[in-house]
Amino acid sequence: ELKASTDEARNQRAVIEEAHRDLTDSIRYSQRIQQAVLPKSDVLREHLPAHFVIHRPKDIVSGDLLWCAHVDGRTVVAAVDCTGHGVPGALMSILGNSLLSAVVHDERELAPAHILEELRGRMITALGAQGEDALRDGMDIALCVVDRSHRMLRFAGANNPLYRVRGNELLE
């Protein structure tokens, strides 16, 4: 009986290890998909030469999203923290990426506050969120539109401020 129990335990362990390996492989592949939608470093360097990015997800995939587009001579950049960690957060970040692209590229919206308003409406529609769910699902975002020709930066944020450094002074 002891040998049968030991064999059964080994079999169950092998099944669990295989399931874990399959799940981890799937999440790692999801990481590749998520990284594919992030802006490429050469695009960021071209439009935002003095920048840095710190991206250290807690899990293999995350709800963090950096988004950048250059439209009509202006650069739109957003740092986004989507609700949820791991796979749920990653799915929200892919949705956020898609919706930001639709608002900025398709609608040609370049006013930061209007971008956030449109993004919020589309997020609610996409998730079918109502009541408490509408408050829980979403994203914290800092969004800037940089207009180099007019030396202007416009900002809108949802639960994220803009920090500006001028000389030795840090302003929120």
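Predicted model: local features only at pLDDT ≥ 70, side-chain atom pairs only at ≥ 80, totals over all residues.
Contact is taken here to mean heavy atoms within 4.5 Å. By that criterion, and leaving aside neighbours within four places in sequence, Ile115 is in contact with Val76, Leu100, Val103, Val104, Glu109, Leu110, Leu143 and Val145. Residues are numbered from 1 along each chain as its sequence is written, and side-chain values use heavy atoms, with hydrogens and water left out.

Confidence comes first. The protein averages a pLDDT (the predictor's confidence in each residue, from 0 to 100) of 89, and 95% of the residues score at least 70. Helices (H or I, at least four residues) and strands (E, at least two) are DSSP runs numbered from the N terminus. Among these elements, strand E4 (residues 152-158) has the highest confidence, at a mean of 96, and helix H5 (residues 132-136) the lowest, at 57.

The overall architecture can be read next. The protein has five helices and six strands, and from the N terminus on they follow the order α-α-β-β-α-α-α-β-β-β-β. The radius of gyration is 21 Å, well over the 16 Å that the globule rule gives for 172 residues, so the protein is more spread out than a compact globule. This radius is taken over C-alpha atoms, and the globule rule is 2.2 Å times the number of residues to the power 0.38. Along its principal axes the C-alpha trace spans about 80 × 40 × 30 Å. Residues 24 or more positions apart account for 58% of the contacts with a separation of 6 or more. The accessible surface comes to about 11700 Å², of which 52% belongs to carbon and sulfur atoms; accessible areas come from the Shrake-Rupley method with a 1.4 Å probe, and for residues only the protein chains shown count as cover. Of the 172 residues, 29% count as buried, where buried means under 20% relative accessible area, exposed over 50%, and partly exposed in between (1.4 Å probe, protein chains only).

Eight of its nine residues are buried, so E3 is largely enclosed by the rest of the structure. Two strands are said to pair if DSSP finds at least two bridges between them. On one hand, E3 pairs with strand E2 (residues 74-82) in the antiparallel sense over eight bridges, with Ala78 standing opposite Leu143 of E3. On the other, E3 and E4 pair in the antiparallel sense over six bridges, and Val146 has Leu153 in E4 as its bridge partner. The hairpin of E3 and E4 has four residues between the strands, and Arg151 takes a positive phi near 50° there.

The interior can now be described. A nonpolar core is a set of buried Ala, Val, Leu, Ile, Met, Phe, Trp, Tyr and Cys residues joined through side-chain atoms within 4.5 Å. The largest such core holds 23 residues, of which Trp67, Val76, Val80, Leu100, Val104, Ile115 and Leu143 touch the most other members. Two or more residues each come from strand E1 (64-71), E2, H3, helix H4 (112-127) and E3, and H3 gives the most, with five residues. A second, separate core of six residues includes Leu48, Cys68, Val77 and Cys144.

Helix H3 (residues 86-106) also carries Leu91, which is exposed at a relative accessible area of 59%. The C-alpha atoms of Leu91 and Gly63, 28 residues apart along the chain, are separated by 7.4 Å. Asn97, likewise placed in H3, is buried, with a relative accessible area of 13%. Beyond its neighbours within four places in sequence, Asn97 is in contact with Val37, Leu65 and Trp67.

Two further buried positions round out the picture. Ala111, in the loop between H3 and H4, counts as buried at 19% relative accessibility; Ala111 and Ala158 are 47 residues apart in sequence and 14 Å apart in space, C-alpha to C-alpha. His47 lies in helix H2 (residues 41-47) and is buried, with a relative accessible area of 13%. Not counting residues up to four places away in sequence, His47 touches His70, Thr75 and Arg148.
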